[in-house]
Amino acid sequence: MNSEEIITVATGVVKSWDWATETSRPLPKQLDVKVKLIKELVPIIVGLRVKRLGYLAAITGIDLGPEVGEMDVLYQFCPGDVVITLRVRVPRQEAMLPSLCEIIPSAEVFERELQEMFGIQMLGLHTTEHLYLPDDWPDGVYPMRKDFDPQILSH
Amino acid sequence: MNTKQEPQRFVIPIGPQHPALKEPGNFQFTVDGEIVTKAIVRLGYAHRGIEKAAEERTWIQDLYLIERVCGICSHIHALAYCLAVEQLAHVEAPPRAQAIRVLVAELERIHSHFLWMGVSGHEAGFDTFFMYSWRDRERVMNILEKLTGNRVNYSANVLGGVKFDLDQEQIASIRGGIDFLEERTRHYLDVVATDFMFLQRTRGIGVMSRAQAEIMGAVGPTARASNVARDVRKDAPYAAYKEYPVDIILDERGDLEARFEVRLKELFESFHLIRKILDTLPGGELTARMPRKVPAGEAVMRVEAPRGELLYFIRSNGSDKPERLKIRTPTICNLTSVVKLAIGHQLADVPMILAGIDPCFSCNDRSVQIRTSNDPDGRMLSWDELRQHGIDFYKRLEK
């Protein structure tokens, strides 16, 4: 499949959820899908997987800061030379997302990272143990959030 | 009092020092006799918070920070970062700079693959192989030093181009070095494909099927040895790879032997590419002008590091610092696979399976602890002892 075909197939998959998504193409080889309903995220990813577009390259969290009170989570799929990004937005307080481990086992490391660095609870992820942070890291402190103060670790 | 007889199970932690990743790793292998039944990964022993630190520094300062993510593949990290920032700033480095970037990236791949080859030879107990391949690796290290002034952290990139040019003398010394290394690689390929002792440690060990590699998201030579045609240089050419294409080396066996052969055959592609670049190096400028502030936006950049696909994601808010910088290294993808692969194997195969994904083993002496269910304090084994266990195990089999 060349890049145009990949984008056509992926757009076709996402179109079945057009009430819950917004699609754009920031660059010729990028497809950006805003997923407005979090419960539709897993079905869309299953749809991509069925079409063999499910190579998950990364899950990226971005804190938008306490003023906005929300965080972005980007699921980056990289079939061929195309980057398909699924975006969801979660609140900073009690953020929750469904785990992808059942469909994409390699998502586990990315999800554990999100869980401890951003404080997003991953529903269905079996482990809550730290992957990167020390065992004695204080509870409820998420270092990749914008308002993280390293001073908290000094005493 | 616990009178119930518990089955004897050992948990063997390997690590934490493990410098191939962004951070060292710890693997806990549960064994039933000699067979691994469970494997767990724990990372973060030297997490330096580079992603967070990058948010506090300017675009230019970050370049120097990024180059220190990894000592083995520092160039490819800086390259991915530069390409992503250039994409955001709508700047394109001149063709000569792009060609030099690819040249250094391929020299780095040669040094990295030779390093890996020696280390895995050592893990197999084949120290002659280790000594020779590291001696030969010095040749490419010298070339890199002559070219950039540094053996590691070459600092070849700047935002918008490269720092140095090539002269005729350097070109001649690269050519000489490449000819020598090509001949040596041919010899090593012959060794890994024919040496009976070595094949015992690699053939049919750690087999990963194509479907497994795909679903576990393996990348780089590890994936290509399982017949997954995934190479960013080919799939999404960056820098000068459009002008200097490479062939993907595939193998369908998926075992350690295949991983050796794929990496060694890849080296021939690198030699070929380097010669082609030296023959047809475009003229012109070395840098393009970069603005101090980078326009707001997002960029995803994928490059092929020696160990596989490396992904950088950058979000800019229009200031002189990035809003978010995300690094996904290839080893984190391959780790998942190695953990699953080890299950069902002999403990003696663990060092080789770990070495097979090339998680740079420059830190030699790792502490290994053997814990039994009725001896909670456990017994300490060093990595050397575990390695020796592997070698002795196969020697016993031979008798």
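1. Chain B and chain A bury an area of about 3000 Å² between them. Carbon and sulfur atoms give 50% of that area. Please keep in mind that this is a predicted model. In terms of residues, 33 from chain B are in contact with 42 from chain A.

2. Next, the polar side of this interface. The rule finds six salt bridges across the interface of chain B and chain A. A:Arg52 forms a salt bridge with B:Glu214, with the closest N and O atoms 3.1 Å apart. Between chain B and chain A, twelve residue pairs are counted in polar contact, both residues being at pLDDT 80 or more.

3. Which elements of chain B give two or more residues to the side that touches chain A? The strands are β3 (35-43), β6 (297-305), β7 (308-316) and β8 (322-328). The helices are α1 (50-55), α8 (210-215) and α12 (330-342) of chain B. By class, this side of chain B has 17 charged residues, eleven nonpolar and five polar.

4. Over all chains, the structure holds 43 of them. Within chain A, A:Asp72 forms a salt bridge with A:Arg89, and their closest N and O atoms are 2.8 Å apart. This pair links distant parts of the chain: A:Asp72 lies in strand β4 (residues 70-77) and A:Arg89 in strand β5 (residues 83-91), 17 residues apart. As background, side chains of opposite charge can pair when their charged atoms come close.

5. Now a helix pair in chain A. The axes of α1 (residues 3-15) and α2 (residues 41-50) of chain A come within 9 Å. They cross at roughly 145°, and the crossing is right-handed. On α1(A), the residues are A:Ala10, A:Val13 and A:Val14. They meet A:Ile44, A:Gly47 and A:Leu48 in α2(A). Five residues of this contact are nonpolar, one is polar and none is charged.

6. How do helices α4 and α6 of chain B cross, and at what angle? The axes of α4 (residues 95-123) and α6 (residues 168-194) of chain B come within 13 Å and cross at roughly 35°. The crossing of α4(B) and α6(B) is left-handed. From α4(B), the contact takes B:Leu103, B:Leu107, B:Ile110, B:Phe114 and B:Met117. From α6(B), it takes B:Ile174, B:Ile178, B:Leu181, B:Thr185 and B:Tyr188. The contact of α4(B) with α6(B) has nine nonpolar residues, one polar and no charged.

Methods:
Residues numbered from 1 in each chain as written. Chains lettered and ligands numbered in written order. Predicted model: local features only at pLDDT ≥ 70, side-chain atom pairs only at ≥ 80, totals over all residues. Heavy atoms only, no water. Contact = heavy atoms within 4.5 Å. Buried area = accessible area lost by both parts, 1.4 Å probe. Salt bridge = Lys/Arg side-chain N within 4 Å of Asp/Glu carboxyl O. Polar contact = N/O pair within 3.5 Å; in protein donor to acceptor, adjacent residues only side chain to side chain. Helix = DSSP H or I, 4+ residues; strand = E, 2+ residues; numbered from the N terminus. Nonpolar A, V, L, I, M, F, W, Y, C, P; charged D, E, K, R; others polar. Axes fitted to C-alpha atoms, helices over the stretch in contact; angles between N-to-C directions. Left-handed = near helix turned anticlockwise from the far one by under 90°.
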